[in-house]
Every structure is written in C-alpha cells, then in structure tokens.
Amino acid sequence: LLLDLLPPGVCNLLNPAAIYANNEISLGDVEIYGFDYDYTLAQYSNLLHSMIFNTARDILIEQFKYPEGLGKYDYIPGFAIRGLHYDVQKSLLMKIDAFHYVQLGTAYRGLKPVPDEEVIELYGGTQHIPLYQMSDFYGKGPSLKQFMDIFSLPEMTLLSSVIDYFITHGIEFDQVHLYKDISDAIRDVHVKGVMYKWIEKDMEQYILHGDEIYAVLNRLVNHKKKLFLITNSPFSFVDKGMKHMVGKNWRDLFDMVIVQADKPNFFTDRRKPFRKLDDKGSLQWDKINQLEKGKIYKE
C-alpha cells in the first residue's frame, strides 16, 4: 500500500536504522488534520540556513556597526540543534533536560565547549536550573531563552560566532545588548521579507520538492478527513510554494487556510478577529461570522 501511495524512490529516503513507532493513537480515528507550512509541508534545503546566517551577519556589520572581521565567519551545519537554551547573562548555549538539569558536555561559550566543572560552578555548585529562571515554551524567561524551531539554527550559530570573535579578540561586550542585536538582525531577515524573496526566486534550489506531500494530502481528503493550514507566512509566499509542490488547485485540499497567524500568540490572543483575504492576498473588510471552505483568512 505504501509503495502504491508514494512515488518511486521516496522510500529510499527513510533511514533504515531509525525506529518509527506509534502505538498511542489510531490515525483512523482522527477526523481533522492541521498543518503548518514552513518545515512541515515545505522542507527547505540547507542553503537557506546559510543565506539567513550570512544576511543577518552582514546586517550586524553594516547597520549595527559590528567588527568587519565577523565577515570571515560562515554558517556551520550541525553546530546547533533545536531545543537548546541560551543563558544571556553567562553567554552559554546548552542542552537542558525536561527536569531542568544542564546536560554536561553540552555547554558552549562561543564556538568552544565549556568544562563541566566550570558550568557547575557558574550555577552555584549544581547542574539544576530553578524553575523561576527557566523560560516558557518560546523562551521568554528572565535570563534563559530557548530556541524551539528550525529557523533558530542560523541564529544560534551566529550568536556563537559573534561571541567567539569578541572573546578571541579580547573585546568586552554587554551580553544583553549582543543577544538583542542578533535577535533583531535575524528578525529583520524574516519580517522584511528577504527570505521569502530568495525562496520565491529559486524554489527548485530552496524547496525540497516532494511528491509525497500531494500523495499524503490527497489520501487524507479521499478518506473524508478535514484539513486545515495555519502558518505565520504570508499568503503569496505560501500560495507560490504550494503550487510548486502540490499544483495550482492545492487549496481544494484544505477546508481552511489561515496565514500570518502570529503563532504562538494565535492560540491565546483573542483581541485579533479573523480577516478575510481575496485571491490576490488583499485584506477585505467583511465581518467574519464563520469560516468558509475555499477562503483565505488572516490572524
């Protein structure tokens, strides 16, 4: 059945050494399936991380007047993983487990590992971080920030690269200012739409075009499941990407499409009512009393 569903060669992408198990839920009992867009439906090549890193690095140099020597640093694939915490005051990037213990051997300051004994000393003789110091799901604690999504990988690498440069050259810096500057530079790459332009200009290079996306979505629809898409990305960007991967009628597969959702605030902020967009992505002024299939909504 799987081989009939997916095109030739797709199954070769699976890692035979990995374990794929799900004994907690029957997917047949699920009536509604929701999808994000970036890194869920759309998978990006590693080139995108390098572009984000390089552009944010150049923003630091040209706009924030950071040392030009930073231009020698390039993105390091595999340096960081999702879920790491960064202690702003101590300039430490590290893995903290679900019980709030620093995993020894994982702490880095800049691009160099920090000895376990130094880490323990920095936290008052313990590996444990008190709950009041820990960040919430999206890293808004008082001093510890957590990097949760794949787009965070270039940010962590840039943060570590800048710290490495300052330490190597004996330059004093304010940890809070440095963290904020790098966060702002990375944010500009996303918010100002620079990243969207790269991808739209050369989708073959940036998007890993997978026929399995259409196969999975179409199979769910054929089994009378309801599908929705909620993304923080703008409609024009999502529309072009989905046409590239799935085809021009991709919206027929979804009962609901919500763009620029402002997640994670989408799930808690009730002050922003839904707004409707036309097929060109322009906002409409209708009062939204119900969500209709085939329509595009924002917020």
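What percentage of the 299 residues in the chain do buried residues make up?

## Overall composition

Buried residues account for 41% of the 299 residues in the chain, where buried means under 20% relative accessible area, exposed over 50% and partly exposed in between, with a 1.4 Å probe and protein chains only. This is a predicted model, in which local features need pLDDT of at least 70 and side-chain atom pairs count only at pLDDT 80 or more, while totals for chains, interfaces and linings use all residues. Residues are numbered from 1 along each chain as its sequence is written, and side-chain values use heavy atoms, with hydrogens and water left out.

The secondary structure comprises 9 helices and 10 strands; these are DSSP runs numbered from the N terminus, helices being H or I of at least four residues and strands E of at least two. Of the contacts between residues at least 6 apart in sequence, 67% join residues at least 24 apart, a contact being heavy atoms within 4.5 Å.

Helix H2 (residues 47-62) has 16 residues and reaches 22 Å from its first C-alpha to its last, close to the 22 Å expected at 1.5 Å a residue; the expected span is 1.5 Å times one less than the number of residues. Its buried residues include Leu48, His49, Phe53, Arg57 and Ile61. The buried residues of H2 pack against helix H4 (152-168), helix H5 (175-191), H6 and helix H7 (203-206).

H2 and H5 pack at an angle of about 125°, with their axes 9 Å apart. Axes are lines fitted to C-alpha atoms, for helices over the stretch in contact, and angles run from 0 to 180 degrees between N-to-C directions. That angle makes H2 oblique to H5, since angles under 35 degrees count as roughly parallel, over 145 as roughly antiparallel, 65 to 115 as roughly perpendicular and the rest as oblique. The H2-H5 crossing is right-handed; a crossing is right-handed if the near helix is turned clockwise from the far one by less than a right angle, and left-handed if anticlockwise. On the H2 side, Ile52, Thr55, Ala56, Ile59 and Leu60 make the contact, and on the H5 side Asp181, Ile182, Ala185, Ile186, Asp188, Val189 and His190. These residues divide into 8 nonpolar, 2 polar and 2 charged, with Ala, Val, Leu, Ile, Met, Phe, Trp, Tyr, Cys and Pro counted as nonpolar, Asp, Glu, Lys and Arg as charged, and the others, Gly among them, as polar.

## Helices H6 and H9

Helix H6 (residues 194-201) and helix H9 (residues 235-245) pack at about 25°, with their axes 10 Å apart. H6 is therefore roughly parallel to H9. Their crossing is left-handed. Tyr196, Ile199 and Glu200 in H6 meet Ser236, Phe237 and Lys240 in H9, giving 3 nonpolar, 1 polar and 2 charged residues by class.

H9 is mostly covered, with 8 of its 11 residues buried; among them are Phe235, Phe237, Met242 and Met245. Just after H9, Gly247 takes a positive phi of about 125°.

## Backbone features in the loops and at the chain end

Most residues other than glycine have a negative phi, and most peptide bonds are trans. His100, in the loop between strand E3 (92-94) and strand E4 (108-109), has a positive phi of about 75°. Glu299, after strand E10 (296-298), has a positive phi near 60°. A cis peptide bond, with omega about 5°, joins Lys263 and Pro264.
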